[in-house]
Amino acid sequence: MTKTKYTEKRDLLIEAGLRVFSRKGFSGSTIKDIAQEAGVTSGLIYHYFDNKEDLLWGIIEEHTLNHKLYNIIKFSTEDLTIDELLKNILTAVFNFLKEKPYFISMFLGEAQRNPKIRKRLINLIREATEGLSYFISNKYKLDFHYVEVAVRNTLTASFMHHLLYMEGDNPVIDEERYIQNTIQQLSKVLN
């Protein structure tokens, strides 16, 4: 099997696992459920993943927001203002939340039931917060710990806003306005 076909099949299984886990929860799901969702045999899943938990970790690794945030940092230009950077970050967060509704419900739900997943979620939040805070504090010559609290609060508020104010694809509150107001408030805090 070529690497492309292997990757495509693995991605198919990850997406099927994500949908099943978000509907039934991790413990309520079986390999058979996931295979049926993907339209493959149960045995094929074991070619790609050691077990159901290994598939769960594959889902989490594949769908983390941190990849997008690191790319924003990586491709930020020197002349980018702090407001422009914050807009890029918040836009990426909201796009991620809209693109990955199954992931959010699965990950947050499982984090409440499974201490290993909760620990992984906490680590992902810590990694994202520290990475963004380090970048912002160095680029704009600000106190790291002050920036870290502001970034953590902003990311948390963005997730809560999405969970509370999104109804399907229709935001209850104007998302663009929310992003603009958040940037204005955060800029005041950081300046």
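**Briefing: fold, surface and aromatic pairs**

The protein has 10 helices and two strands, and the model described here is a predicted one. The points below go from the whole chain to individual aromatic side chains.

**Overall dimensions and packing**

- Taken along the principal axes, the box filled by the C-alpha atoms of the protein is roughly 55 × 35 × 30 Å.
- Of the 191 residues in the protein, 42% are buried.
- Among the contacts in the protein with a separation of 6 or more, 67% are accounted for by residues 24 or more positions apart.

**Surface and charge**

- The protein has an accessible surface of about 10900 Å², and carbon and sulfur atoms hold 53% of that surface.
- There are 25 positive and 25 negative side chains in the protein, and a distance of 4 Å lies between the centres of the two sets.

**Aromatic pairs**

- A pair of aromatic rings is described by the distance of the centres and the angle of the planes.
- Five aromatic pairs are found when the whole structure is searched.
- One of them joins Tyr6 and Tyr48, and this pair is classed as tilted because the planes of the rings stand at 35°, with the centres 4.7 Å apart.
- Tyr6 belongs to helix H1 (residues 3-24) and Tyr48 to helix H3 (residues 42-48), so the pair links distant parts of the chain that are 42 residues apart.
- Phe94 and Tyr178 form an edge-to-face pair, with 5.6 Å from centre to centre and 75° between the planes.
- Because Phe94 lies in helix H6 (residues 82-99) and Tyr178 in helix H10 (residues 175-190), this pair ties together parts that are 84 residues apart in sequence.
- Phe94 and Tyr178 are both buried.
- Phe96, Phe103 and Phe107 are linked into a cluster by ring pairs.

**A charge over a ring**

- Lys52 lies over the face of Phe26, at a distance of 4.5 Å from the ring centre.

Methods. Residues numbered from 1 in each chain as written. Predicted model: local features only at pLDDT ≥ 70, side-chain atom pairs only at ≥ 80, totals over all residues. Heavy atoms only, no water. Helix = DSSP H or I, 4+ residues; strand = E, 2+ residues; numbered from the N terminus. Buried < 20%, exposed > 50% of the residue type's maximum accessible area, 1.4 Å probe, protein only. Contact = heavy atoms within 4.5 Å. Areas by Shrake-Rupley, 256 points an atom, 1.4 Å probe, with all protein chains shown as cover. Lys, Arg positive; Asp, Glu negative; His and termini not counted. Charge placed at Lys NZ, Arg CZ, Asp CG, Glu CD. Phe/Tyr/Trp six-rings, centres within 6.5 Å; stacked < 30°, edge-to-face > 60°. Lys NZ or Arg CZ within 6 Å of the ring centre and 35° of its normal.
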